[in-house]
Amino acid sequence: ILFDEPLTVIDPQLKWKLRRKLKQIHEQFDITMVYVTHDQLEASTFADKIAVMYGGQIVQFGTPTELFEQPNHTFVGFFIGSPGMNLIEVQRCARGVCFGNTNVSLEPWQDVLQRTRSTNIKIGIRPEFVEVSSVASDDTFEAEVMDVEDLGTYKIVTVQLDHEKMKVRESEDFAASIGSRVYLSFPKQWLKLY
């Protein structure tokens, strides 16, 4: 069964009920459903597998978890998640990449960096995976808090790191105020190279 954006113009309350009903029908009759949507939340909650299209081509096909944790394309990283993945244009530097005065070590990807001839290089990390501390250490980067959006159960914090703005998702008890300094670290398992 092909659904082409069937719930686009329906109010949110009814949309939630219909989405659950479609999922029940899918499970009850075990039929293949292809569901087209621009709503990444709708796709993630409804689908077992998602094909993300960009420029008329499938750029990644996988489970919602795979698309969130291991995006293979910058569009997938930015489109899946709210807010989307932080993407920063970088240049090659000693032991990694840099932007402005910030040097990010990418030792696991040194061979890949040396082999590629492209100058279009980006690093990406999801707001959920950026670690924030009030204390500096050897592997942290100093950033300034630019904005704090309180969304009830969590906060979206906008920080500026060397002229680059990034989003960070923090718990509801995050206490830093606008203009204060924080220290960011990027866990290697969640830092992506594009």
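This is a predicted model: local features need pLDDT of at least 70, side-chain atom pairs count only at pLDDT 80 or more; totals for chains, interfaces and linings use all residues.
The lining is made up of Asn86, Leu87, Ile88, Ile123, Gly124, Ile125, Met166, Phe186 and Leu191. Of the strands, β5 (86-93) and β8 (121-125) each contribute at least two residues to this lining. The volume of the largest cavity is about 40 Å³, and the count of cavities of 30 Å³ or more comes to one.

A cis peptide bond links Ser82 to Pro83, with omega near 0 degrees. Pro83 sits in the loop between α4 (74-79) and β5, and β5 is one of the strands that supply residues to the cavity lining.

Two residues other than glycine have a positive phi, and each can be found in a loop. For Asp30, phi is near 50 degrees; this residue lies in the loop that runs between α1 (12-29) and β2 (34-36). Asp30 has a relative accessible area of 67% and is therefore classed as exposed, the cut-off being over 50%.

His163 has a phi near 70 degrees, again a positive value in a residue other than glycine. The loop between β11 (154-161) and β12 (164-171) holds His163. With 70% relative accessibility, His163 is over the 50% cut-off and so counts as exposed.

Definitions and conventions. Residues are numbered from 1 along each chain as its sequence is written. Side-chain values use heavy atoms; hydrogens and water are left out. On a 1 Å grid over the protein atoms alone, a cavity is a set of points where a 1.4 Å probe fits but cannot get out, and a pocket is an open set with protein on both sides within 12 Å along at least five of seven lines; lining residues have an atom within 4 Å of a point. Grid points are joined across faces, edges and corners, and a volume is the space filled by probe spheres set on the points. Helices (H or I, at least four residues) and strands (E, at least two) are DSSP runs, numbered from the N terminus. Buried means under 20% relative accessible area, exposed over 50%, partly exposed in between (1.4 Å probe, protein chains only).
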